[in-house]
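Please examine the structure shown below.

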Amino acid sequence: MPSSLLWAVDVYGRVYSLSTAGQQWEYCRDAHLEFKRITAVQQCCWSIACDHNIYLNVHASDVPIRYQEETYENQRWNPVDGFSDRLLPSDRWQWSDVSGLKHQPLGDFQLPSDNWEWEADWYVDENFGGENTEKAGWTYAIDFPATYTKDKKWNSCVRRRRWLRYRRYKAQETWVKIPSEQTESLPDPFNDITCGGWEITEEPRGCLALWAVSLQGKVWFRCDINHHNPEGSFWEEVPVPGEVVQISCGPGDLVWAVLWEGNLMVREGIGRDCLNGSSWVTVESPSPEAGAVHVAVGVNVVWAVTKDHKVWFRRGVNSHNPCGSGWIGMVGEMVMINVGLNDQVWGIGFEDRAVYFRQGVTASELSGKAWKVVSVPRDSDRSHSSASASSLQSAGCFFGGEVRLESQASVLSDADPETEKAVGGVVPTPEMGDSPKPRIPKVTSDSFISELVSDREGQISRRDVPPAGPSIPEEDHPEKEVEDRASPAQVLSPSQSGGLNPQWSNVDLEEAQTHLSPGPGVDAAETCSLSSVATYNLALEEPYGPDEHPKWAWVSGGGCLVDCHLQLNWFHSSTSTALNSSMQAMSLSITPAQTAAWRKQIFEQLSERSKREMENFMHYEQAIEQSVWVKKGTMQWWRDWKPHKWVDVQFALEQFSGAEGNKDGILFIYYTFNDEKKYLHVFINEVTILVPVLNDSKHTFAIYTAERTKQRWPIRLAAATELEMYDWLALLSVSCCDSRGVQGPPSKQAIWSVTCKGDIFVSEPTKELEASPYPTPCDQMFWRQVGGHLRVIESNSLGVVWGIGYDHTAWVHTGGYGGGFFQGMTGSTDNIYTQTDLKSVYIYENQRWNPVSGYTNRGLPTDRYMWSDASGLKECTKNNTKPPSPHWTWVSDWTVDYAVAGGTDREGWQYAADFPASYHGYKTLKDFVRRRRWARKCKLTTTGPWQEVPPIALSDITILPCGPKSTVEQVPLWAISNKGDVLCRLGVTSLTPGGSSWLHVGTDQPFKSISIGGVHQVWAIAKDGSAFYRGSVSAQNLAGDCWYHIPSPTGQKLKQVSVGRTSVYTVDENGNLWYRHGVTPSYPQGSSWEHISNNVRKVSVGPLDQVWIIADKVQGSHSLSCGTVCRRLGVLPMEPEGHSWDYGIGGGWDHITVRGNATEAPRILMPSLTDNGSNRTATRSPLQTSDRPEMNGNPVGC
Amino acid sequence: MADDKDVLRDVWFGRIPACFTLSPEETTEREAEPYYLLLPRVSYLTLVTDKVKKHFLKVMKAEDVEEMWFEYEGTPLKWHYPIGVLFDLHASNTALPWSVSVHFKSFPEHDLLHCTSNSVIEAHFMSSIKEADALKHKSQVINDMQKKDHKQLWMGLQNDKFDQFWAMNRKLMEYPTEEGGFRYIPFRIYQTTSDRPFIQKLFRPVSAEGHALTLGDLLKELCPASICAEDEPKRFQVMVHGIEPLLETPVQWLSEHLSHPDNFLHISVIPAPSD
């Protein structure tokens, strides 16, 4: 799991972040300002600074935020000028948007704000529906608005072309002020802010809800925040029935606010069409005596804090019941609480102002178990060179502003002490000042205000003590000291409310005084310089002094991802218990064990010992004769003959030592046929693969041999329990690997494949695999499983292997093996990590129209189930639909899915004349049925030799098959993000396969597939189905310079590309495989497409130009399989297209990569035999194009 | 990077070449050829010497044959110590193959236990495992196993089946992560220079302060003589499976990886070779 950040503001207004992988608070050096509030989400942080302006900090990403501006140039033909910009009066503008209604010449386009910049100048888009217009981008039509074509015809009277220009958001990793739009006469600065709502809708991308509260208690909603408009557009006031002091917005549709008098309000009506909701519902304060002062919401939780600092948890909150059902009092006294991702909870303790983490919060136990203090140090070296001038100014604003505002507030309120207390989100008790416990300065939050109030009563005169700046103990820079300390004085002196010294001392730290030798009681300006010198010395002596008790004011976990697999290192400290420290010691001593000298010594000595004691004596007889070992069990077997059904069988594995010392075995399946005992046997050394087939009803696995692969009919067995199945699978896997002498991690040449269940298999290629003319038939390849769960996997011959999960997460192979069910003795524990994946399960709600009640869930008797799968054949209700296998667990509720091909209406419905038919997203008179898709997310947790490569989600990936031989040289790796951005990975070497960062490569449209082949040829497929070639890519110029558009084969939309040493192959959406002709070093774009085969789902071309595919359907002697690994036969340097197919493992395969296999076989030239070779393969059944009824060929299921 | 699992394999598949010669005290009908055999370090002499017995019986009269026993340079070899321990203790730093004398008469009743059948070895082996688990897990793991699981451990050793043995034995090597190791480390320290058969005491893998204890800590506490100060010449070798692990090796790791199949860490302390 990648690390993410917890953000917090300390009592001095400084912003810190703490990484889930880290062990110290990192000072946000960019923050030149002091802040009072911060609200974080994964991509950005919003905050309110001391100047009461709102600031935004968009986190840097390897993929820039860019927006494509477009405008159309329109022309009409006339006999005199030909095509010209002289249009008819009734025509559209010469420059317009796509509809022609809006006038938009190039010069009218302005950058939305200073934080944007143009990437380049305007240029003409030559690409028209995946084809090059070759006419400067002009497309022709009879008249506006009409259908445009690429070709000019005799009746083409008008033409238009598209101009494009990109603008880029440049203000990343910096605090950008969001201009305030105060129109009213009275300034009403912002007082609280909360960001969330990213789960409400995926359209537009990166849509966020930002709520703010002003000092006067008004609520504002920031409109139009999304990926392409990170700052949003404008503030919209949300009417409230009372005065709001604080507000909290969860990742979903939950928004709660706290009212001045201590009650709470819940926003209702929030949805994808209405991000800011429609109405408020009031919820009583948890405690009748003490009103609520703070609320924090997540997806399904609400936490509140009352005036007496008690913490409350709201029961029964969910999307359908945002108000919940009742309050539960929790342990602990907090001043504020924040709910982050996964409904994890953070708080700031009332007593110690420490950040607390709520331990044990899980989906089943949302209230968690206990508060655990986050006790990590802050980074101590704080260089302030950058924080000088502005900090002077802002610090001044800060103190001055707060004080002024307080006087305002107290004037507005009627000086009632109760009301006074309610001013702040956190109210200290009046006695607090007198109590012996150490005073905690509260500068940032509103509590500062209330403290001023309470202090003014009796404290101030007493506390006329030598001043010390708020940040003294942590400063190590004397000059900064002066500035900091001088600033309040400068600003405060003109401020008349309360007098200089009292306020000064109020900002003072009693805490700090214990560190400081009291300075002489002179006036402020002089003291500053004096005590700062003293502090400087002190800081030298006790550099970590102040870090022991950092005081926090605000915390935000909205971007912080914590779940039960994550080991947080936040809780070790001097204060932790003895047990804790002992654990730490253990973990410290065990982790480096992998590299420790003693370990190395043992390895070396053991191998020396073996050499010494055994090398010269291997001819001696072994003392123990190898005998047969048998393991037996009962299972069910999917019998080979009709009617096929599960029958009980006895199952036995006999293991013995084979010839050269390696182990071998035989598998027996004893069954009864017509009361006669019979058996079936398989030699372990003939097993080619073991495939676990998990479904919700049976724990089954399939055993293939070369013969069974030809038949497309594996031995299918079902164990009684999952555990038993995995025991057998692990044992059989070890036996198979032993009998073939396969051990340890996959080699660099390994061929990787992935099934449609996400299981990963790897095969070690032999030299003969790509031999010509007699390659090893690929049904004889031995595959073993590797732990993990992936959708796509790509490798190269240097052993760099990357994968992409179903949730688009990128993973890099750690070089280990094992994980998954291969625990214990059958795999290694080195380099095995937790891996998670996420996918959605879909069901359909179907309705039929009737004249009486309109659309209802009462269908015709002949209709499909009213809740069904996509085909309508299987009933799938919300309740009876289970996750795909026991490994998956639900992580969300059912929600309507709007992202369905064909579009939907506002409620997600798609309409059609009848089932099954083509659906559209709007209702017409002819539509009698409608359906909508419901999605529910489920999550899988497994282990495997994979490490996540955050943060960009990917959809495709490619690695240069034969990279540089040295281990330090960069290996070119390209990827497509799941949003269609083209990316180039920097820093990938065979030693650091994960690389360091992404380089974004601009494109005019989203891409979907990419491949890099020999001599850095990069080919890619755009979303519109056309191909692109990247020019000038080389080891020196990794990203190349420009894209060359390659038209797709006529009438076909390409979907995938793979480039080998010289061969370029593509697959289109109709399953055709195309070979690019005429690719030469001087003309790498090639000249034409040659059709090679149909029925192809995916292609992988290796460094030897070997061509492997996943075929859609392959007919075996017993059955048909979908998703089958096939290899092209007859591929020769002069005949790169090959002549026929060789069929390997399947069905149920989804992806293969042969790009690691550069093992060239010695070529034997026997021209007379090549015919035989092809004859042999020709006798095999060709790819089937006809739909034969499928029986059982797909144990893995597609 | 080599894997810890490879250590287990190396340990299991450790072999000592041995040359069995019939003791000259035995009366034979004709000259007995020596018999050469690769002995598994982790097994027991009487368990793996059926072939030796058969070989020498061919040249002997039945009436001259009593219980077979072995002796190396005058020392009777205790069959109930693992073969590797016997070798390390008595014959390390000598030329290979290991020359073992075979006797069929005058059984040294004071030095050796009788071993009439493999079931005696099995009983000894299983009692060692049980004792080790009592130390490691208060016997919880071994008691949770079924009879057939016990049998699997024994059969694994008897038939030299690494996977069969470790499929079960790994359960005996587990421990709760929060405790950082076993309750006590099952170990035995053998010394040639001592009259005591071996040293065995309660020793935890983690100190009260939470540090992982090392082989050095163990020896310092229980066999201080075996450790010498840095400046003086090495007097003793501390051998486990024919190798000398560094003293800073954590005992928990040693126990998990270098224990014999009986789950004990057998440590031999022998005088360092003088040259």
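## A crossing of two helices

α4(B) passes α6(B) in a right-handed crossing (left-handed if the near helix is turned anticlockwise from the far one by less than a right angle, right-handed if clockwise). Helices here are DSSP runs of H or I with at least four residues, and strands are runs of E with at least two, numbered from the N terminus. The axes of α4 (residues 118-137) of chain B and α6 (residues 147-158) of chain B come within 11 Å and cross at roughly 120 degrees. That angle makes α4(B) oblique to α6(B), given that under 35 degrees counts as roughly parallel, over 145 as roughly antiparallel, 65 to 115 as roughly perpendicular and the rest as oblique. Axes are lines fitted to C-alpha atoms, for helices over the stretch in contact, and angles run from 0 to 180 degrees between N-to-C directions.

On the α4(B) side, Glu122(B), Phe125(B), Met126(B) and Ile129(B) meet His150(B), Leu153(B), Trp154(B) and Leu157(B) of α6(B); contact requires C-beta atoms, placed from the backbone, within 7 Å. By class, this contact of α4(B) with α6(B) comprises 6 nonpolar, 1 polar and 1 charged residues (nonpolar: Ala, Val, Leu, Ile, Met, Phe, Trp, Tyr, Cys and Pro; charged: Asp, Glu, Lys and Arg; polar: the others, Gly among them).

## Basis of the model

This is a predicted model, in which local features need pLDDT of at least 70 and side-chain atom pairs count only at pLDDT 80 or more, while totals for chains, interfaces and linings use all residues. Residues are numbered from 1 along each chain as its sequence is written, and chains are lettered from A and ligands numbered from 1 in the order in which they are written.

## A sheet with strands from both chains

An open sheet of 6 strands with mixed pairing runs in the order β33(A)-β2(B)-β1(B)-β5(B)-β3(B)-β4(B); strands pair if DSSP finds at least two bridges between them. Its edge strands are β33 (621-622) of chain A and β4 (75-76) of chain B, each pairing on one side only.

Within chain B, β1 (residues 15-22) and β2 (residues 35-40) are antiparallel and share 6 bridges. Ala18(B) has Leu37(B) in β2(B) as its bridge partner. Helix α2 (residues 50-57) of chain B lies across β1, β2 and β5 (98-103) of chain B and runs at about 165 degrees to β2(B).

## A covered helix

In α3 (residues 83-91) of chain B, 8 of the 9 residues are buried (20 or more other C-beta atoms within 10 Å of the residue's own; exposed is 12 or fewer, partly exposed in between; C-beta atoms are placed from the backbone). Among them are Val85(B), Leu86(B), Phe87(B) and Asp88(B). Just after α3(B), Asn93(B) adopts a positive phi of about 65 degrees.

Note on methods. Contact = placed C-beta atoms within 7 Å.
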